[in-house]
Amino acid sequence: MESIKVTLSDGKTVEVRPGTKIEEIAAAAGVRKTAIAAKVDGCTVDLASALDKDSALEFVVADSPEGLAVLRHSTAHLMAQAVQGLFPGTQVTIGPTIQDGFYYDFKSDRAFSPEDLEVIEKRMQELARADLKVVREELPRNEAAELFRSMGENYKVEIVEGIPEEKVSLYRQGDWVDLCRGPHVPSTATIKAFKLTSIAGAYWRGDSRNEQLQRIYGTAWANRKDLDAYLKRIEEAKQRDHRRLGPALDLFSLHPIAPGSPFFHPKGTIIYNILIQYIRSLYSRYGYSEVVTPLIYKTELWKTSGHYEAFHDDMFLMQVHDGEYGVKPMNCPGHCYLFASRKYSYRDLPIRYADFSRLHRFEQSGVLSGLTRVRSFAQDDAHIYCTPDQLDHELEQFVAMTKEVYKVFGFDRIEVTLQTRPEKFLGRIELWNDAEAALRRCLERSGFSVAVLPGEGAFYGPKIGFDFRDVLERSWTLATVQIDCAMAERFGLKYVTSEGSEATPVMLHRAVLGSIERFIAILLEHCAGAFPLWLAPVQARILTVTDDHKEYAKKVLEELEQGGWRVELDGRNEKLGYKIREAQLAKIPYAIVIGDREVEAGAVAPRRRGGENLAPMPVDALIQLFQAEVAQERGEA
Ligand SMILES: [Zn+2]
Ligand SMILES: [Zn+2]
């Protein structure tokens, strides 16, 4: 009898007749209960699909990335089925998976409320328990269009008509059907752990000129435990949200008068400036020279750099008397003019220009968010111009500096990415190849394991990113280094080589913190507002027990302030316990209690933010304690 060979992921092969369903092979392999889909030659498919040729087969379980994607999209279908059952007349549009969940966009006359979500969720649970088989069907495109037209699903008709293939697939569960590429779970009973999370407005095809839709978001997981852990993480993220904590701790605020452009309050500005001072202190050690360059340029500058074409919509441009000007969205083109302002020989290189200048980008209002997506920001930006021979050393030094900075901030979970040439790129391909090879060499020596993201580089050069994973398991790219394959040539930059000829320098873009605004947001959420002593805007608050202690407290305040410490005095006539709690809520690293005993002994009684009471000590000893703590935090101890 004719048979086909199926190679399983453990290397074993089984012989089956053509047309055998994957679920049969799963049953024979004893994984019928745990598999929710399968991968055939790398493509995810339904368990009910049949094999007709030799194939490599891998079963997909619910808690794998592919499994979760299938599960989440199936949960979106379940939700749509529930919504349409509960609210007749509602039309479905699209319902993709997103990170950690899914959504579905509906057209409905009813404005969905949070109470509706509970009702929908309940209905979903019933449909899941009903164990409805999820069945795939294939139809000619025009028949599918006819079917959806008869159902009054106008958006689906529009989608079907836009599909180039002659055949389209549908998925049915019970009496509900949706146009869908799939794959899906075998039955609604596979869906066990989900929650609807929010409602938002949306537009058909994401275009604000189209009809308004209602989007319901949800999350789904392989099991109850994972769902609960996720919901806890979301709750924790809400508590730590910098958009809530920032104003609450009096660090910054935003106002519609300057969309996406934060106002840093005095306390926030202290953090801002300390971060810059800290990076400055490294610059002197790593051989960077700080420069100040113009904010506004004639747009020729970006026409030369290539940004005007690629970045035009994201720039603040203005027409003045003698032509078009723009506010800089990045420092690099200006630094190229600076480099070209004098002649350099190979002996002068590398040149490392550091610039903390304010930058402006016209981010769309819809994407603006707290300090993470802003229109006005500064970076710890620098550009390095070097000879090809110096490139490896420059990259190595950059990695060393990044490691040093991450250690100070306690960023120990780092993932490194290498982003290579995109389809659309500037510059010569040889330069790209050399640059990517240099980045690979650097990463090999660094000891980091690296994920390569093909085609994800910037249009002007490949890039290394150092992603940091925060306490909420979110990944943030902070430090980046890029080798520019285009800009130095486009600006005609030259240096004199050891042979006396002229050559184009290699140009690097690099930042360690990235945008200072975004860095503050990430750090704020990571430490939940409890900044380490060296960064805390208020390092200590002096608390008097009664009015009698005020005079001595003022002396202590002065002494600490004179030593350069950031200290406040709470001399209010309130109970000590209340004042301690307030200092705790303000996340101040030290509360310094002054009562009879302290006044008598000429001492202070420090109390750490976590609640630990230290033995009373003279102010000198407290200053030494602070100094030692700061030195340790900054890696200087
Ligand atoms: Zn679907
Ligand atoms: Zn740059």
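Predicted model: local features only at pLDDT ≥ 70, side-chain atom pairs only at ≥ 80, totals over all residues.
Residues are numbered from 1 along each chain as its sequence is written, chains are lettered from A and ligands numbered from 1 in the order in which they are written, and side-chain values use heavy atoms, with hydrogens and water left out.

The zinc ion (ligand 1) is held by H73 (NE2), H77 (NE2) and C180 (SG), at 2.0 to 2.2 Å. Donors are N, O and S atoms within 2.8 Å of the metal (3.2 Å for Na, K and Ca); water is not among the atoms, so sites may look incomplete. Along the chain, the donors of the zinc ion follow the spacing H-x3-H-x102-C. Helix α2 (residues 65-86) contains both H73 and H77, four residues apart, or about one turn of the helix. Helices (H or I, at least four residues) and strands (E, at least two) are DSSP runs, numbered from the N terminus. Both H73 and H77 are buried, that is, under 20% relative accessible area, against over 50% for exposed and in between for partly exposed (1.4 Å probe, protein chains only).

Pockets and cavities were assigned on a 1 Å grid over the protein atoms alone: a cavity is a set of points where a 1.4 Å probe fits but cannot get out, a pocket is an open set with protein on both sides within 12 Å along at least five of seven lines, and lining residues have an atom within 4 Å of a point. Grid points are joined across faces, edges and corners, and a volume is the space filled by probe spheres set on the points.

The largest pocket has a volume of about 1100 Å³. Its lining comprises 31 residues, with D100, Y230, I234, A237 and R474 nearest the centre. Helix α6 contributes the most to this lining, seven residues; other elements supplying at least two include β10 (101-107), β14 (193-203) and β15 (212-221). The lining has 10 nonpolar, 10 polar and 11 charged residues, where Ala, Val, Leu, Ile, Met, Phe, Trp, Tyr, Cys and Pro count as nonpolar, Asp, Glu, Lys and Arg as charged, and the others, Gly among them, as polar.

The second largest pocket holds about 890 Å³. Of its 31 lining residues, R361, F377, Q379, K463 and T480 are closest to the centre. Strand β31 provides the largest share of this lining, five residues. The lining of the second largest pocket divides into 12 nonpolar, 11 polar and eight charged residues.

Residues up to four places away in sequence aside, F409 touches L275, Y278, L513, F519, L523, W534 and L535 (contact: heavy atoms within 4.5 Å).

One cavity of 30 Å³ or more was counted. The largest cavity has a volume of about 40 Å³, and its lining includes I580, Y590 and R607. Helix α17 (576-585) supplies the largest share of that lining, three residues.
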